[in-house]
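Please look over this structure with me. The report below goes through strands, core and salt bridges.

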Amino acid sequence: MRLANLVAVLGALFLGACAAAAPEQCVVDRITEFPVPMTRDFALVPTRLDGHDAYLLLDTGAGVTMLSHDIADRLALMPEDRLFPAAVQGVGGVTLTRRLIVDTFEVGGIDLGKQAIMTTERGLFRDFDPPPDGIIGGDFLSQFDVDIDLPEKRVGLYRAHACRAPFAPPWPGFTLYRVPARLTDGGQFLIDVAVDGVPLVAMLDSGAEETAINARAMNKLGLTADTLAHDPVREERGIDMNRRLSHRHHFAKLKIGAETYRDPAIWVSDMPLLSADMLLGADFFQTHRLWLSFSRRVVFVTVSDDGDSPFNPHRPRHTAHY
C-alpha cells in the first residue's frame, strides 16, 4: 500500500510539473468597442468626462490627452498647478499647458476612473466645424492594444495576456502584415519604411491629416529648395500654432511593410520631429485597419484595396457629421 501510495503521489507531482511547465495560452480580451464619428479624416472618440459628453480626436501621435479650454471651463476643471504651466512637445513644436484632473473618464461605456488631462492651446481646432473637445493620446491608448478600423469607423480597446509569442488580431477574412515597432517615451509608434529606397523612420500619427516628411528626411533624400520649387504649396499649423509651408512632392515609391506605393504624393515640411523622419497620417489610417499592440511592440496592418492609395492627392475627404 505504501509503495502504491508513493507511486500515486509521484505521478501527481509529475503531472503537476508538466502543467506548470506548459506555456500559458495567449488571451486577448475585448474591453470595449465603439463607433467613431469623423471630422475630415479624423476619428472622434465619444467620451464622458465627469458626466458630460465630449468628443476627443484620436491622436496616436500625441503623447498626452488634452482638453480644449472651452470644455475645461464648462466643466469648471481647475489646474493642479495654477502658477507654473507645463511644456508639451508635439509634432508641430512645443506648447504650454496645464494639468487637470477629471474624476470619471468614460470611453465606450467603460469608466476608467480618475485621469490626468492637459489643456490645449487656444485656437488649435479653429479650422474644424464643429471643433473637437480635445485629443486622446498615448497616455490613454498605451493602457490597451488598440484596434483602429477607420474604414468601418470603429475603434476597439483590448488587453492581451500571456502573449509571449507573436499573435494575430481576431480579423477573419482580412489579409494583413506585421510590422515590428518601437515606442517613444510618449507612447508613439515608430516603424521602418523606405522612400525611393532610402530607409526612414515613420511615426504612426492619426492626428496628422496627411502623411508628411520632415527636414531631417529631406536631407537623407537629397531634397533641396530647387527640387521642391514647382510643387504645390500649402500653409499649416502645428500644436504650437506657428505657421509653416509644406510642398507636395511626388516620389517614385514608398514601401511600408508588405505594401509598395508607386508615385506617392507626400507633403514635405520643415516641421520639428526629433524621433522620426516622417509621419504616416490620417490618410493612411483611412485606407487601412491597424492593430497597435502596446503589449508586444508590434503593428498589424490590413492590405489596402488595389487602387485605394492613401497618397493620391485627389482622394476624397470626409466631412464632419457628429
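## Strand S26 and its partners

S13 and S26 pair in the antiparallel sense through five bridges. Strands are DSSP runs of E, at least two residues long, numbered from the N terminus. Two strands count as paired if DSSP finds at least two bridges between them. Within this pairing, Val146 stands opposite Leu292 in S26. S26 also runs antiparallel to strand S27 (residues 298–302), and four bridges join them. There, Ser293 has Val298 of S27 as its bridge partner. The hairpin of S26 and S27 has four residues between the strands, and Arg297 takes a positive phi near 55° in it.

How much of S26 is buried? Five of the five residues in strand S26 (residues 289–293) are buried. Buried means under 20% relative accessible area, exposed means over 50%, and partly exposed lies in between (1.4 Å probe, protein chains only). Arg289, Trp291 and Ser293 point one way from S26, while Leu290 and Leu292 point the other way.

## Basis of the model

This is a predicted model: local features need pLDDT of at least 70, side-chain atom pairs count only at pLDDT 80 or more, and totals for chains, interfaces and linings use all residues. Residues are numbered from 1 along each chain as its sequence is written, and side-chain values use heavy atoms, with hydrogens and water left out.

S13 and S26 belong to an open sheet of six strands, in the order S1-S14-S13-S26-S27-S15, with antiparallel pairing. Strand S1 (27–35) and strand S15 (176–180) are the edge strands, and each pairs on one side only. Neighbouring strands of the sheet are turned by 15° against each other on average, direction ignored. Axes here are lines fitted to C-alpha atoms, and angles run from 0 to 180 degrees between N-to-C directions.

On its other pairing, strand S13 (residues 145–149) is joined to strand S14 (residues 154–161) by five bridges, again antiparallel. Asp147 has Gly156 of S14 as its bridge partner.

## Nonpolar cores

The largest nonpolar core has 60 residues. A nonpolar core is a set of buried Ala, Val, Leu, Ile, Met, Phe, Trp, Tyr and Cys residues joined through side-chain atoms within 4.5 Å. Ile191 and Ile256 have the most contacts inside the largest core. Strand S17 (residues 189–195) gives the most to this core, with four residues. A second, separate core of 10 residues includes Phe42, Leu44, Leu57 and Ala62.

What does Ile191 touch, leaving aside its neighbours within four places in sequence? Its contacts include Val179, Leu200, Ile256, Leu280 and Val299. Contact means heavy atoms within 4.5 Å.

## Salt bridges

The count comes to 12 salt bridges. A salt bridge puts a side-chain nitrogen of Lys or Arg within 4 Å of a carboxyl oxygen of Asp or Glu. Arg289 takes part with Asp147, the closest N and O atoms being 2.7 Å apart. Asp147 lies in strand S13 and Arg289 in strand S26, so the pair ties together parts 142 residues apart in sequence. Asp149 also forms a salt bridge with Arg289, at 3.7 Å between the closest N and O atoms. That pair links parts of the chain 140 residues apart. Asp149 is buried at 9% relative accessible area, and Arg289 is buried at 13%.

Lys114 and Asp103 meet in another salt bridge (3.9 Å, N to O). Lys114 is exposed at 57% relative accessible area, whereas Asp103 is partly exposed at 48%.
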